[in-house]
Amino acid sequence: MNCPYCESSQVMVVNSRKTSMGSQVWRRRRCNKCKLLFTTHENVNLTHLVVIKKDGIKERYSRSKLYSGVYSAAVSSRPRERRELVDKIVREAEKRILLLNRKEITSEEIGDMVLHSLKKLSPGVFLGYLTYHKNIEKTSQIKKEIKKYL
Ligand SMILES: [Zn+2]
């Protein structure tokens, strides 16, 4: 980041804050050479987030992976509604992840965020994702898991 006035690279951050639910970072910077102040807005992305899977294996966060997981659970929805719903769920989950401000997260935690959003937005898809996410086969097990989200 260079100073927009004198192009010096001697720039320091004097203040920063998260905006729009944590999906953007606002930074106030000062140039050490010309002493002028300027503001930058950066979109935060999750490309450096590490996801720890149930088997302990770590991998880079992948939006498309999260998307396809929710998408396959929403199989009963009509195509247009399906895309809108999945977009919304993924956006909400990413906002929550950003607010946690962590370098690592478990796949379980992400799944729980998705489930909490789905519970409000689409109970049918909630059930589909619950069985997919928790790897559930028995009905009795589903009932037990649902109780956790009531
Ligand atoms: Zn400058």
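This is a predicted model: local features need pLDDT of at least 70, side-chain atom pairs count only at pLDDT 80 or more; totals for chains, interfaces and linings use all residues.
How are helices H1 and H4 oriented to each other?

The chain holds five helices and six strands, and their order along the sequence is β-β-β-β-β-α-α-β-α-α-α. The radius of gyration of the chain is 20 Å, whereas a compact globule of 150 residues would have one near 15 Å. The C-alpha trace spans about 70 × 35 × 25 Å along its principal axes, and buried residues account for 17% of the 150 residues. Of the contacts between residues at least 6 apart in sequence, 42% join residues that are at least 24 apart.

Two packed helices are described by the angle between their axes and by the distance between those axes. For helix H1 (residues 63–73) and helix H4 (residues 123–133), the axes come within 8 Å and cross at roughly 120 degrees. Angles from 65 to 115 degrees count as roughly perpendicular and those over 145 as roughly antiparallel, and H1 and H4 are therefore oblique to each other. H1 passes H4 in a right-handed crossing. On the H1 side the contact is made by Gly69, Val70, Ser72 and Ala73, which meet Val125, Gly128, Tyr129 and Tyr132 of H4. Sorted by class, this contact of H1 with H4 comprises five nonpolar, three polar and no charged residues.

Helix H4 also packs against helix H3 (residues 107–121), with the axes 8 Å apart and an angle of about 160 degrees between them. Because angles over 145 degrees count as roughly antiparallel, H3 and H4 are placed in that class. The crossing of H3 and H4 is left-handed, while that of H1 and H4 is right-handed. Here Gly111, Val114, Leu115, Leu118 and Lys119 in H3 meet Pro123, Val125, Phe126, Tyr129, Leu130 and His133 in H4. By class, the contact of H3 with H4 has eight nonpolar, two polar and one charged residues.

A last stop is the loop between strand E3 (37–43) and strand E4 (50–52), where Asn45 is found. Asn45 has 12 C-beta neighbours inside 10 Å and so counts as exposed, since the limit for that class is 12 or fewer. Although Asn45 and Glu94 are 49 residues apart in sequence, their C-alpha atoms are 8.9 Å apart in space.

Terms used
Residues are numbered from 1 along each chain as its sequence is written. Helices (H or I, at least four residues) and strands (E, at least two) are DSSP runs, numbered from the N terminus. The radius of gyration is taken over C-alpha atoms; the globule rule is 2.2 Å times the number of residues to the power 0.38. A residue is buried if 20 or more other C-beta atoms lie within 10 Å of its own, exposed if 12 or fewer, and partly exposed in between; C-beta atoms are placed from the backbone. Two residues are in contact if their C-beta atoms, placed from the backbone, lie within 7 Å. Axes are lines fitted to C-alpha atoms, for helices over the stretch in contact, and angles run from 0 to 180 degrees between N-to-C directions. Angles under 35 degrees count as roughly parallel, over 145 as roughly antiparallel, 65 to 115 as roughly perpendicular and the rest as oblique. A crossing is left-handed if the near helix is turned anticlockwise from the far one by less than a right angle, and right-handed if clockwise. Ala, Val, Leu, Ile, Met, Phe, Trp, Tyr, Cys and Pro count as nonpolar, Asp, Glu, Lys and Arg as charged, and the others, Gly among them, as polar.
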